[in-house]
Amino acid sequence: MRKLLSLTLALFLAAWAFAQDPATFEDVQLGSNGIWQPPIGSNEMSSGGWLFTNNTQNGYWGGFTASNRTDLNQSGMNAQYTAAAGCGYDGSTQYAVAYTMGVQTDVYAADGQLHTVTGCYVTNNLWTYQDILQGGYGELPYGGSTGNDPDWFKVTATGKNASGQTVGTLDFYLADYRFSNNEEDYVLNTWEWFDLSPLGDVATISFSLSSSRGSGYNMITPAYFCMDNFNGGGAAPDLPPYIVNPVSDVVFNEYPQTQQVNLDGVATDPDDPDASSTIRIPLP
C-alpha cells in the first residue's frame with residue numbers, strides 16, 4: 001500500500017508541476033526577424049506546457065505569435081510585433097503578441113486537462129498604443145478633441161469547459177478614458193497583472209478585444225495586445241507600512257496646548273517610497 005501510495009503521489013505531483021509551469025515565451029524559437037514564424041495553416045505555439053492558437057496564411061496571420069522586438073520608434077504595421085513596454089515582463093527578452101480580429105485566440109494546457117489559471121501580464125501593442133494616443137484611420141485620439149469622450153479599449157478572457165461551453169468572462173481595460181477627471185484617463189504601456197483565477201477550472205481561455213469604437217470586424221482600433229507569464233506567479237502583494245521608531249506618549253496637562261512631534265523615520269513602507277506615505281493621527 002505504501003509503495004502504491006508513493007507512486008500515485010509522485011505521478012500527481014509530476015502532473016501538477018507540469019501543468020503549473022508558466023508560459024514565459026522565452027522557450028519559443030524565433031526567426032531572424034525576431035518573431036515566431038509558423039508554417040501556413042493552423043498552428044499551436046507551445047510555451048511552458050501551454051498551447052496558443054495561431055492561423056497563418058499568405059499575407060495574413062491571427063491568434064498568437066512571440067516576439068523579442070524592442071524598437072519603440074516603429075509605427076503602423078511595422079509596430080504590430082512590438083509591446084508598448086519595449087520588452088517582456090520584468091525586462092525579459094520574449095513575450096507573446098495576439099491579433100484577435102476574425103480568428104480564434106485560444107489558450108489551453110498541453111495535457112488536455114482542466115486547470116485554474118492564475119492569470120497573465122498584459123500590455124498594449126505599440127501600434128494600438130499609438131493609435132489610441134494619436135488617432136488613426138481618420139479618427140480622433142481617444143478622448144476626442146476635448147479629452148472628455150468616454151472611450152475605452154479592453155481585452156476579455158472567456159473561460160470554457162471541456163464541452164466548449166462558456167463558464168465565465170473577465171474584462172481588463174488596456175485604455176480607459178471614462179473618468180470624470182481626465183487626469184485619471186490612461187492607456188497602458190506597462191505590464192499589468194490580469195487575474196484569471198476567478199474563471200475556475202477551465203479547458204480553454206479565449207481572448208477577444210473590444211472598444212468604444214467598435215468590436216470584432218467593426219473595431220477601428222488595431223486589434224492587438226501583448227501577453228507574458230501566462231499562469232505565472234501574479235502581481236506582488238502591496239505590503240503595508242509599519243512602525244520602526246515608535247513616538248513617545250505626548251501628554252497635555254492643560255488646554256489649549258501645542259507640541260511639535262517629529263515623525264521622520266517613524267514608519268517605513270517595504271515596497272513604496274516612504275515619502276509617499278501619509279501618517280494620520282486619530283483624535284479621541
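**Entry 1: a loop residue**

I started at Asn229, which sits in the loop between β15 and β16 (242-243). Strands here are DSSP runs of E with at least two residues, helices are runs of H or I with at least four, and both are numbered from the N terminus. The model is predicted, with pLDDT of at least 70 needed for local features and 80 or more for side-chain atom pairs, while totals for chains, interfaces and linings use all residues. Residues are numbered from 1 along each chain as its sequence is written, and side-chain values use heavy atoms, without hydrogens or water.

Is Asn229 buried or exposed? I found it buried, because its relative accessible area is 17% and buried means under 20% (exposed is over 50%, partly exposed is in between, with a 1.4 Å probe and protein chains only). Its phi is positive, about 50 degrees, although Asn229 is not a glycine.

I then looked at Asp90, another residue other than glycine with a positive phi, this one near 60 degrees. Asp90 lies in the loop between β3 (60-67) and β4.

**Entry 2: the whole protein**

Next I stepped back. I noted two helices and 17 strands in the protein. There are 284 residues, and 42% of them are buried. I also looked up contacts (heavy atoms within 4.5 Å). Of those between residues at least 6 apart in sequence, 69% join residues at least 24 apart.

**Entry 3: strand β15**

Why is β15 (residues 224-228) largely enclosed by the rest of the structure? Five of its five residues are buried, so the strand is largely enclosed. I checked the directions too: Tyr224, Cys226 and Asp228 point one way, Phe225 and Met227 point the other way, and all are buried.

Which strands pair with β15 in the antiparallel sense? I use "pair" when DSSP finds at least two bridges between two strands. Strand β4 (residues 95-99) pairs with β15 over four bridges, in the antiparallel sense. Strand β7 (residues 119-123) is also antiparallel to β15, over three bridges. I followed Cys226 as a landmark: Val97 stands opposite Cys226, and Cys226 is also the bridge partner of Thr123.

**Entry 4: the cavity**

Now I went looking for empty space. Rolling a probe the size of a water molecule over the atoms shows where such space is left. A cavity is a set of points on a 1 Å grid over the protein atoms alone where a 1.4 Å probe fits but cannot get out, and its lining residues have an atom within 4 Å of a point. Points are joined across faces, edges and corners, and the volume is the space filled by probe spheres set on them.

How many cavities of 30 Å³ or more does the search find? The search of the whole structure finds one. The largest cavity holds about 40 Å³ of space. I listed its lining as Trp50, Val107, Tyr108, His115, Val117, Val202, Ala203, Thr204, Ile205 and Phe230. Eight of these are nonpolar, two are polar and none are charged. For this sorting, Ala, Val, Leu, Ile, Met, Phe, Trp, Tyr, Cys and Pro are nonpolar, Asp, Glu, Lys and Arg are charged, and the others, with Gly, are polar.

β5 (106-109) and β13 (204-211) each supply at least two residues of this lining. These strands are antiparallel to each other and joined by two bridges. In one of the residue pairs, Asp106 has Ser206 in β13 as its bridge partner. On β5 I also found strand β2 (residues 50-57), running antiparallel and joined by three bridges. Phe52 stands opposite Val107 in β5, and Val107 is one of the lining residues I listed.

I looked up Asp151, in the loop between α2 (126-134) and β8 (152-160). It is buried, with a relative accessible area of 7%. Its side chain makes a polar contact with the side chain of Arg213 at 3.1 Å; that term means N or O atoms within 3.5 Å, where within protein one must be able to donate a hydrogen and the other to accept it, and sequence neighbours count only if both atoms are side-chain atoms. Beyond four places in sequence, the contacts of Asp151 include Pro141, Tyr142, Asp176, Tyr177 and Ser212.

My last stop was Pro38, in the loop between α1 (2-20) and β1 (41-47). Pro38 counts as buried, at 15% relative accessibility. Not counting residues up to four places away in sequence, Pro38 touches Asn43, Asn54 and Thr56. Thr56 is 18 residues from Pro38 along the chain, and their C-alpha atoms are separated by 7.1 Å.

Definitions and conventions: 1 Å grid on protein atoms, 1.4 Å probe; cavity = no way out; pocket = protein on both sides within 12 Å on 5 of 7 lines; lining within 4 Å.
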